[in-house]
Amino acid sequence: MRHSHPMPDQPLTKFQLRRQMRTARRALSPYQQRLASRRLCARLALTPALKRARHIGIYWPMDGEIDPRLLLKRFPHKQFYLPVLPRPSRSTMSFLHWHGGQLPYRNRHGIPEPLAGRSQLCAPDRLDVVLLPLVAFDPSGARLGMGAGYYDRTFAFKRLRPGTGPQLIGIAHQLQCVASLPAESWDIPLSLVATDQRLYQCR
Ligand SMILES: Nc1nc2c(c(=O)[nH]1)N(C=O)[C@@H](CNc1ccc(C(=O)N[C@@H](CCC(=O)O)C(=O)O)cc1)CN2
Ligand SMILES: Nc1ncnc2c1ncn2[C@@H]1O[C@H](COP(=O)(O)OP(=O)(O)OP(=O)(O)O)[C@@H](O)[C@H]1O
């Protein structure tokens, strides 16, 4: 009996944490989502990183993720790029230029992507800033994603050549903040996390 149930105060496994955070995120109302997105984008727009950046990696939100797409209206002269899943036998994502309109094609996870050949490609190391989706984060800049490792693999070169490549900025709802996440050897740390409520300067 003593060992038949996990202790209630045991740390959640990554699996449990993902499920809990994704459920909490999805439970936000459309009004809460719009408000959070406006607050996030207003805060991000004031950061030196965004003001300086010319080529910015962004994402198309899903599953209750905070929506960064208002930034296109704030910065009509900057170039924005969406991630495209690795082609067969490749392991890293590409980034394709996006003007802000609707996108008919959806990838195998149901997320809209621009079409290769029709949109200009930007190599991951040529982006100035990347806004990363995440499931949970901690104030040190550790990130828990969907679990496929796409972003970790795409920006793994930053561990070999620290200080090169884009500045990686995690964006999230404030409720996605946890006290601490287990660090994995392949994790690429975030330099900044921005939420609808505040900024976390990580290093
Ligand atoms: N908005 C957004 N775009 C993104 C990511 C993300 O986290 N958010 N990614 C960050 O890596 C990549 C896609 N990664 C993904 C990894 C796993 C699943 C996934 O497991 N999805 C379903 C299972 C069903 C299905 O895939 O069809 C799930 O919800 O459980 C989805 C996307 C690239 N684009
Ligand atoms: N640089 C890398 N080289 C090889 N494999 C990697 C690398 N980075 C991550 N992986 C693999 O990807 C898998 C998923 O990693 P993890 O659970 O940390 O993903 P995540 O950061 O949550 O997801 P995502 O980046 O897709 O949002 C791990 O099992 C790991 O083996």
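A residue is taken to be near a molecule or strand if its C-beta atom, placed from the backbone, lies within 6 Å of it. Residues are numbered from 1 along each chain as its sequence is written, while chains are lettered from A and ligands numbered from 1 in the order in which they are written. As this is a predicted model, local features need pLDDT of at least 70 and side-chain atom pairs count only at pLDDT 80 or more, whereas totals for chains, interfaces and linings use all residues.

**Confidence.** The chain has a mean pLDDT (the predictor's confidence in each residue, from 0 to 100) of 94, and 96% of its residues reach 70 or more. For the complex, the predictor gives an ipTM of 0.93 and a pTM of 0.94. Where pLDDT is low, predicted coordinates should not be read in detail.

**Ligand surroundings.** Around ligand 2 there are 13 residues, of which G145, G149, Y151, D152 and W186 come nearest. Helix α5 (residues 150–154) supplies the largest share of this shell, four residues. Helices (H or I, at least four residues) and strands (E, at least two) are DSSP runs, numbered from the N terminus. By class, the shell of ligand 2 holds seven nonpolar, three polar and three charged residues. Here Ala, Val, Leu, Ile, Met, Phe, Trp, Tyr, Cys and Pro count as nonpolar, Asp, Glu, Lys and Arg as charged, and the others, Gly among them, as polar. Ligand 1 has 15 residues around it, and H109, P133, M146, A148 and Y150 come nearest. Its shell comprises 11 nonpolar, three polar and one charged residues.

**Helix α2.** The 16 residues of α2 (residues 30–45) reach 22 Å from the first C-alpha to the last, close to the 22 Å expected at 1.5 Å a residue; the expected span is 1.5 Å times one less than the number of residues. Its buried residues are A36, S37, L40, C41 and L44. They lie on the same side of α2, because they cover an arc of only 125 degrees around the axis, the arc being that of the directions from the helix axis to the C-beta atoms. A residue is buried if 20 or more other C-beta atoms lie within 10 Å of its own, exposed if 12 or fewer, and partly exposed in between, with C-beta atoms placed from the backbone. The cover over the buried residues of α2 includes α3 (48–52), α4 (71–74), β8 (167–172) and β9 (192–195).

| Residue | C-beta neighbours inside 10 Å | Class |
|---|---|---|
| P133 | 22 neighbours | buried |
| E113 | 21 neighbours | buried |
| D63 | 14 neighbours | partly exposed |

P133, one of the residues listed for ligand 1, is placed in the loop between β5 (129–132) and β6 (136–137). Its C-alpha atom is 8.0 Å from that of I66, 67 residues apart along the chain. Beyond its neighbours within four places in sequence, P133 is in contact (C-beta atoms, placed from the backbone, within 7 Å) with Y59 and E65.

E113 is located in the loop between β3 and β4 (121–122). Not counting residues up to four places away in sequence, E113 touches L82, V84, L103, Y105 and N107.

D63, in the loop between β1 (55–57) and α4, has a positive phi near 55 degrees although the residue is other than glycine. S89, in the loop between β2 (79–84) and β3 (94–98), likewise is a residue other than glycine with a positive phi, near 75 degrees.

Technical notes: Two residues are in contact if their C-beta atoms, placed from the backbone, lie within 7 Å.
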